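Here are some notes to read alongside the model. Please keep the structure open while going through the points.

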Amino acid sequence: MTSRFLQTCEARSDSGGAVDFDIHGLVGVRLIAPSATNVAAVSAQIGPPSFRVLRRVDIVVRYVDRLSAGPVRYVDVGKTASSKADFIVFPEGDGGGKVNIPFEQIGSDCEILCERSVGWIPLLIPIINLTALKKHRCVPIHASAFVHEGIGVLVTGWVKSGKTEALLAFSQHGATYVGGEWVLLSSNGKTMYGLPGTFRMWEWQRRELPHLQHIGGNAGIFRLIRFLDAVQRALPETLLRFTPLKLLRAGMPALRRQLNFRAQPKAIFGDRCGCLTGHPDKIFIGVAHSDERILIESADPATVADQMACAMEFELTSLMSHYRAFKFAFPGMRNEFLETAHNLLRDALRQALAAKEIYTLYHPYPVSFHDLYQAMKDVLGTSPALAAHDHMEMRA
């Protein structure tokens with residue numbers, strides 16, 4: 001995005017105008033009267049604003065200085081509440097602010113009220129994903145996607161399944177970026193659309209890639225956390241009787257979870273970001289295992305569709321828990337689409353994957369980027385019949 005275009009967006013927002021975001025012509029998002037800070041926060045979530053004014057808007061985010069909710073009744077203190085007519089979500093983090101999300105509208109035209117003090121809009125990405133599912137039967141998948149030597153690749157799975165690792169491994173070998181965290185798959189399985197925006201990258205992944213040492217995160221803080229982790233791991237059990245050391249060990253899991261940052265695709269792929277679309281020629285569902293080898297084998301599309309449906313049900317946990325809180329606050333109100341979204345998602349996945357070439361990718365975690373690239377590259381260059389044989393690659 002050019003600096004001139006950014007200045008135009010800031011001028012529009014500061015003058016109380018609208019800023020539009022076009023998600024591949026599938027979902028349109030309009031911010032009304034945002035600040036420049038609001039535009040930057042949403043851009044980090046879903047990519048840069050559109051150069052053109054949208055002809056159709058599916059999701060409107062209307063910014064106000066303060067929601068005039070009056071007295072509220074808390075459902076989950078600090079997380080959700082209700083006023084006389086509105087359901088309020090309190091974003092996580094230190095920014096404060098409140099957001100009014102009309103859960104009865106999700107999947108249809110939806111207007112969210114948001115205080116300007118809010119940074120990232122809570123639940124915005126799952127709302128976009130579900131809107132694409134409802135209106136276009138596009139399947140949202142937590143995945144990475146890229147094109148390598150003309151072959152479109154989509155990598156999905158549960159947590160720590162190799163999605164980001166595969167993306168980063170192929171980034172070193174000329175791959176074109178499609179998506180780093182969320183991908184929309186067309187109903188016929190012929191097109192994958194990367195959801196624009198940043199993606200999460202772990203500090204150990206950056207350390208494994210010398211050419212990416214300059215991007216993201218606070219290296220000093222990361223070194224401190226790694227040092228404290230090494231210290232507490234080396235402590236003999238007898239010393240854990242002392243309260244400060246006991247507290248250090250108890251707090252390390254939370255500190256380790258801070259060893260990540262949001263990465264800009266252009267910082268890694270440069271001008272190989274393209275239009276964020278591709279044809280998913282080969283799909284991998286990653287699974288971390290205890291073996292030191294990388295094992296790739298052909299997978300049954302119907303089985304993988306059911307696995308991915310379960311994974312997406314997990315990814316929608318936060319939105320659905322908020323929806324249940326909404327129904328608790330407003331008994332009798334419901335969203336019929338959300339009530340049946342999981343079944344629709346499973347059916348759409350089965351249809352989209354029915355004729356696809358799919359593999360299960362077993363790997364150790366953490367995995368060598370070099371070994372992962374070599375193992376997957378060998379499969380990318382084979383026909384389905386040849387790839388049906390197990391492919392193994394020993395870690396270096």
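1. Start at one residue pair: Val-89 stands opposite Val-99 in β7. Note that this is a predicted model.

2. Strand β6 covers residues 87-89 and strand β7 covers residues 99-100. The two strands pair in the antiparallel sense, over 2 bridges.

3. Which strand does β7 pair with over 2 bridges, besides the pairing in point 2? The partner is β8, and the sense is antiparallel. Within this pairing, Asn-100 stands opposite Leu-113 in β8.

4. Strand β8, residues 110-115, also pairs with β3, here in the parallel sense and over 6 bridges. Ile-59 stands opposite Cys-110 in β8.

5. Now put the strands together. What is their order in the sheet? The order is β1-β2-β3-β8-β7-β6-β5-β4, which makes 8 strands in an open sheet. The pairing is mixed: β3 with β8 is parallel, while β7 with β8 is antiparallel.

6. Which strands lie at the edges? They are β1 (18-23) and β4 (73-76), and each of them pairs on one side only.

7. A further helix belongs with the strands at the β1 end of the order. Helix α2, residues 36-46, lies across β1, β2 (27-32) and β3 (59-64). Helix α2 runs at about 5 degrees to β1.

Methods. Residues are numbered from 1 along each chain as its sequence is written. This is a predicted model: local features need pLDDT of at least 70, side-chain atom pairs count only at pLDDT 80 or more; totals for chains, interfaces and linings use all residues. Side-chain values use heavy atoms; hydrogens and water are left out. Two strands pair if DSSP finds at least two bridges between them. Helices (H or I, at least four residues) and strands (E, at least two) are DSSP runs, numbered from the N terminus. Contact means heavy atoms within 4.5 Å. Axes are lines fitted to C-alpha atoms, for helices over the stretch in contact, and angles run from 0 to 180 degrees between N-to-C directions.
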